[in-house]
Amino acid sequence: MKIKVKRIKEILGFGVLHVCMLCVLMILAVIVYDIVSKGSGVISWDFLTKPPVDGMTKGGIFPAILGTFFVTLMTAVLAVPLGMGCAIYLNEYARDDGLTRFIRLSIRNLSGVPSIVFGLFGVALFVDACHFGTSILSAGATLGLMTLPLTITASEEALKTVPRSYREGALALGATKWQAIRYNVLPLAIPGILTGMILGLSRAAGETAPILFTGAAFFLPDVPNSILSQFMALPYHLYIMSTQHHNIALVRPIAYGTALVLIVLVFLMNLVAVIIRYRLRKKGNAHG
Amino acid sequence: MRMDKKIRMKARKVEFFYGTTQILHGIDLDIFENNVTAIIGPSGCGKSTFIRLLNRMHELVPSARLKGEITLDGKSITSADVDPVEIRRKVGMVFQKPNPFPKSIFENVAYGLEVNGVKDRHFIEDRVVSSLKKAALWQEVEKRLHDSALSLSGGQQQRLCIARCLAIEPEVILFDEPCASLDPISTHKVEELILELKKDYTIVIVTHNMQQAARVSDHTGFFYMGKLVEFGRTEDMFTRPREKRTEDYITGRFG
Ligand SMILES: Nc1ncnc2c1ncn2[C@@H]1O[C@H](COP(=O)(O)OP(=O)(O)OP(=O)(O)O)[C@@H](O)[C@H]1O
Ligand SMILES: [Mg+2]
């Protein structure tokens with residue numbers, strides 16, 4: 001009798017969990033379906049490779065795709081080394097004292113700062129104080145700052161998963177601390193670190209607020225030619241097409257097309273993260 | 001009566017703390033050249049803590065604090081101007097749980113040479129082979145040097161860790177319960193190996209196994225609650241211990 005009650009409880013419990021999962025899946029499916037069905041109509045080779053024309057009512061979104069690509073690349077160049085460096089320092093070198101704990105706490109809290117605040121900060125620091133102007137550099141740096149908490153925390157978690165015995169083994173063989181980190185800790189932590197980095201970057205690629213005042217342009221006929229150029233970006237373009245354009249109803253399909261491209265881009269980045277992690281993990285298990 | 005050999009390492013008035021907790025109290029101990037020195041004592045008495053001082057592995061714990069002096073060939077190894085990396089090259093260590101790196105068997109043994117700046121591939125290859133031979137592992141792995149070290153059995157992994165340690169030709173080797181996770185046959189192999197190694201190296205071994213201490217060691221130190229209760233020749237310790245507590249522990253009559 002008792003056993004039966006337990007069994008029913010278990011089935012009920014699993015049932016509830018199942019329903020939760022199905023709900024989440026359905027929401028995701030509806031979003032994807034909505035965007036794909038409304039956006040796929042405008043997708044064409046020209047849409048992907050041509051600039052907007054006729055007051056942005058026709059043509060493609062090529063400059064925005066390229067701009068998002070460049071600014072994400074800039075973010076990566078700035079944030080990946082900095083994030084990894086901070087994580088290695090915090091996890092491997094810093095003493096576990098009050099100061100370190102305070103730094104960690106600050107980093108975690110930074111991830112709660114709204115992105116528009118990062119945008120304002122970027123204007124003050126990079127655009128004005130550093131004289132980078134509104135540019136790919138300023139926007140990349142702002143996005144980099146915004147993703148740092150995520151990348152540092154993810155990297156630290158990855159470093160923590162490396163067993164202590166590997167560090168001890170290395171040091172006992174006369175390795176310096178840096179050698180132990182370089183040859184024993186990092187190879188095992190890299191998959192986790194990279195995954196964190198790419199997830200951070202994919203989030204950065206979809207942000208509007210931080211690039212709004214730091215470099216994103218409403219419309220540019222040409223592609224950017226230096227890191228000090230302004231750029232068009234997918235999320236900002238989407239924002240304009242859905243709220244700022246003089247004929248929103250007319251350009252609705254273009255907005256959906258832009259959203260679709262942005263989502264595919266972000267999914268692809270996440271896919272790359274998964275693949276990298278999978279391949280490095282396999283390699284790690286085999287020899288190194 | 002056989003002559004006592006040269007003293008390689010000395011601990012004098014060693015006091016050790018984790019934060020404010022004192023773990024070791026006034027340890028004086030000598031480690032003789034080409035001898036096996038066994039460290040015995042109940043769990044938590046500070047055996048691991050003590051031998052980790054001998055190659056400065058204790059420094060990995062930030063709260064660690066050491067007083068007193070430890071010397072190698074008469075020179076202090078603990079003063080601030082001594083590089084721990086230098087010490088660890090001379091005083092190797094094999095851990096309780098085999099901890100081969102997730103790399104190939106070859107790379108594991110070559111590791112110590114590489115981090116110490118050896119570039120000559122021929123030299124490295126020769127040394128890898130000779131170290132594996134000395135660690136009595138060569139025959140089992142000669143055909144699979146480039147397989148992952150993690151594919152070895154526990155006993156083989158431990159001998160690999162010994163080979164890895166031998167490759168950098170240390171002078172003293174510290175073993176912290178090297179057989180704790182091994183089956184009797186692997187244990188026997190490691191014990192034979194230790195007896196073989198003492199011809200060329202000075203050895204310190206922590207063990208919970210009284211028979212093992214009696215079989216492999218020349219000197220034994222009995223630790224109890226962070227103090228060195230008794231130190232002497234193994235044969236004397238095991239046949240006529242001076243202290244009651246030593247006798248009780250050795251005969252397994254410990255409270
Ligand atoms: N990192 C550490 N921080 C604080 N205390 C520690 C640390 N490591 C060990 N201790 C304490 O130091 C004491 C001695 O530990 P140690 O590991 O040297 O014992 P042991 O004799 O090797 O025991 P066992 O036979 O179980 O391995 C124990 O009381 C332990 O709790
Ligand atoms: Mg121990």
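In this predicted model, a salt bridge joins B:E33 to B:R8, with the closest N and O atoms 3.2 Å apart. The two partners come from distant parts of the chain, 25 residues apart. B:R8 sits in strand 1 of chain B, which covers residues 7-18, while B:E33 lies in the loop that runs between strand 2 (21-32) and strand 3 (36-40) of chain B. Side chains of opposite charge can pair when their charged atoms come close. Over all chains, the count of salt bridges comes to 23.

One salt bridge is found across the interface of chain A and chain B. Here the side chain of A:E168 meets that of B:R52, with N and O 2.8 Å apart.

Which helices of chain A each supply at least two residues of the side that touches chain B? They are helix 7 (164-172), helix 8 (177-205) and helix 11 (248-286). Helix 7 of chain A gives the largest share of that side, with eight residues. Sorted by class, the residues on the side of chain A that touches chain B comprise 10 nonpolar, 10 polar and three charged.

The contact as a whole involves 23 residues from chain A and 26 residues from chain B. The size of an interface is often given as the accessible area lost when the parts come together. For chain A and chain B, the buried area is about 1900 Å², and carbon and sulfur atoms give 58% of it. On the chain A side, the residues that lose the most area to chain B are A:E168, A:A172 and A:L173, which together account for 31% of what that side buries.

Turning to the overall build of chain A, the chain has 11 helices and two strands. Along the sequence, these elements follow the pattern α-α-β-β-α-α-α-α-α-α-α-α-α. The C-alpha trace of chain A spans about 70 × 65 × 40 Å along its principal axes.

Chain B also surrounds ligand 1. Among the residues around this ligand are B:Y18, B:I23, B:V61, B:E177 and B:H208, and the shell also includes B:S43, B:G44, B:C45, B:G46, B:K47, B:S48 and B:T49. By class, the shell holds four nonpolar, six polar and two charged residues. Helix 1 of chain B (residues 47-53) provides the largest share of the shell, three residues.

Which residues place polar atoms beside oxygen atoms of the ligand? A polar side-chain atom of B:S43 lies 2.4 Å from an oxygen atom of ligand 1. The side chain of B:K47 has an N or O atom 2.7 Å from an oxygen atom of the ligand, and for B:G44 a polar backbone atom is 2.8 Å from an oxygen atom of ligand 1. Taken alone, ligand 1 exposes 630 Å², and the protein buries 61% of that area.

Key:
Residues numbered from 1 in each chain as written. Chains lettered and ligands numbered in written order. Predicted model: local features only at pLDDT ≥ 70, side-chain atom pairs only at ≥ 80, totals over all residues. Heavy atoms only, no water. Contact = heavy atoms within 4.5 Å. Buried area = accessible area lost by both parts, 1.4 Å probe. Salt bridge = Lys/Arg side-chain N within 4 Å of Asp/Glu carboxyl O. Helix = DSSP H or I, 4+ residues; strand = E, 2+ residues; numbered from the N terminus. Nonpolar A, V, L, I, M, F, W, Y, C, P; charged D, E, K, R; others polar. Near = heavy atom within 4 Å. Polar contact = N/O pair within 3.5 Å; in protein donor to acceptor, adjacent residues only side chain to side chain. Areas by Shrake-Rupley, 256 points an atom, 1.4 Å probe, with all protein chains shown as cover.
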